[in-house]
Amino acid sequence: MKEKIPTFRMFTLLALFFLLGIAIASFITIDFERSWVILLITILVLIFAGLFDLIYKNYILAILGFAFAATFLGLGHYSFFDFKNETEMPFDRDVLMTGKIVKKPEIDFKSQKATLRILNYEELGMNEEANVLVSLPHYPVYQYRDILKIKGKIEKPGVFNGFDYGRYLKKSLIYGVVNQPQNIEQIPTELSIKEKIVKSLYSVSTAFEKSLNTILPEPHASLAAGLILGIKRNIPDYFNEALSVTGLTHIIALSGYNITIILVVLGELLLGYLNRKQVFAIGALIAIGFVVLTGAASSVVRAAIFSLMVIFGRTVGRQADFTNLILLAAVIMLILNPFLLRSDIGFQLSFLAFAGIIYLSPVIQKLFGKEKYKKIPAFIKSPLAETLGAQVMVTPLILTAFGRFSLISPISNVLVLWIVPLSMGLAFVDGLAGVIFYPLGKVLSFFLWPCLEFIIKIVMALSKIPFASFEIKSGLWAIGLILYLLIACYFAWLSKKLKVKIL
């Protein structure tokens, strides 16, 4: 029997089945300690069966053997990672504990939330390291790598109004919460070189936010901080609600989705003036800049990787297979933390935005070539196609994640999304200029303010339309799945009609 698929597609197939294994394991419970031998034997048998069929040129059977081996490998990896990170905590007991803050604390109107890695429980004689989320008072302000001694009750994260808070925290390897710590004592500590570097990144992020707050009025400053840093604590409640009603909450979520769009769109615009290697170099520098400004937020790091994969693929040209690039990035990230696939919406949005740019944008671009779209300027068509492709892919996920169906979301996204990359780019330059030299930042804010004002006006105007949105309490995943099936069918039909090869 002849080989049915190209050799390079073997990686595509194996990567997809590996991701399938991780996806299955995220919905079922596997006792790794008891089942690891069975998993290992199964994987080895499938691999040897695949090699045997390959020797005798039974390619279909060989592919199936390797594919199922990849699936069980994904199952095994997830269950091993889960087993490795299991921890025994003294839940529902008041204990005295010492821990180190391992991430930049998040400050909201209620408290500052710090991820504390417990180093020991003094009264219990336990030394097992584990992460808990601690709600601390606003003052004093604590920082990354501070060591705290606190007394409090560790509680298991529960399910609130259908939201599985425990699963949400699990992706960050956080297994408990402490809501009202007492007797908080800060212990002096020396930082390593690595810790000093990370702390300096967080300092840049804080300085950048302060810069935006000083050079822009409200709510423009809060919107700019939301677009770049995902910070929502200063955004007025009325504007937050308006964003939700219009289906635009995602523009201020630090999912990395916006970063993906702005880097890819910028790459498209620069290709007309610079060669591909120069575009990749500039894209890499900007990606590093975003990572620094956000304090190396994990969602932005992932988005930067996805975006640079796109730019790198276009730098290489026809030699690059974008399907394999996106799967390679996903596989590497999920090897490092398989919990991301189901529990991290930032990973999901970045992945889907990337897929929309790669698979849907070429179809939209070809559609813009028709006579009725001739009036759209050429320099707008390409960025618009990239943005729309990404938006189409993430919209069903946004619906299922936020539980609100906005009837005017298609209109609001079309009206607003085209200016979001420009607003982010200007906010990036403006905030950075304000950090370096305040008067320069103030001057540049006159270019940024109209973009932010446009977004605010559109959001507020559309949010006042009666019955603009409604909440959905159940069946969200079914609705999202149906929407993705409709999108797949429509673009498959459209690509065939326009003669665009998307795979």
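The largest nonpolar core holds 65 residues, and Leu116, Val132 and Ile154 touch the most other members. Helix H13 (residues 345–367) gives the largest share of this core, 13 residues. A nonpolar core is a set of buried Ala, Val, Leu, Ile, Met, Phe, Trp, Tyr and Cys residues joined through side-chain atoms within 4.5 Å. Buried means under 20% relative accessible area, exposed over 50%, and partly exposed in between (1.4 Å probe, protein chains only). Apart from this core lies another, of 49 residues, including Phe239, Val245, Val291 and Ile419.

The model is predicted: local features need pLDDT of at least 70, side-chain atom pairs count only at pLDDT 80 or more, and totals for chains, interfaces and linings use all residues. Residues are numbered from 1 along each chain as its sequence is written, and side-chain values use heavy atoms, with hydrogens and water left out.

The protein chain has 18 helices and eleven strands. These are DSSP runs numbered from the N terminus (helices H or I, at least four residues; strands E, at least two). Of its 503 residues, 49% count as buried. Among contacts (heavy atoms within 4.5 Å) with a separation of 6 or more, 75% join residues 24 or more positions apart.

Helix H16 (residues 420–436) packs against helix H17 (residues 438–463) at an angle of about 160°, with axes 8 Å apart. Axes are lines fitted to C-alpha atoms, for helices over the stretch in contact, and angles run from 0 to 180 degrees between N-to-C directions. H16 and H17 are therefore roughly antiparallel (over 145 degrees). The contact includes Leu426, Ala433 and Ile436 of H16 and Tyr438, Leu444 and Phe447 of H17.

H16 also meets helix H6 (residues 220–229), the two axes coming within 9 Å and crossing at roughly 100°. H6 is thus roughly perpendicular to H16 (65 to 115 degrees). Ala224, Leu227 and Ile228 in H6 meet Val420, Ser423, Met424, Ala427 and Phe428 in H16.

Serine 423 lies in H16. Serine 423 counts as buried because its relative accessibility is 0%. Leaving out residues up to four places away in sequence, serine 423 touches Leu227, Leu448, Cys451, Leu452 and Ile455. Leu227 belongs to the H6 side of the H6–H16 contact, whereas Leu448, Cys451, Leu452 and Ile455 belong to H17.

Technical notes: Parallel < 35°, antiparallel > 145°, perpendicular 65-115°, else oblique.
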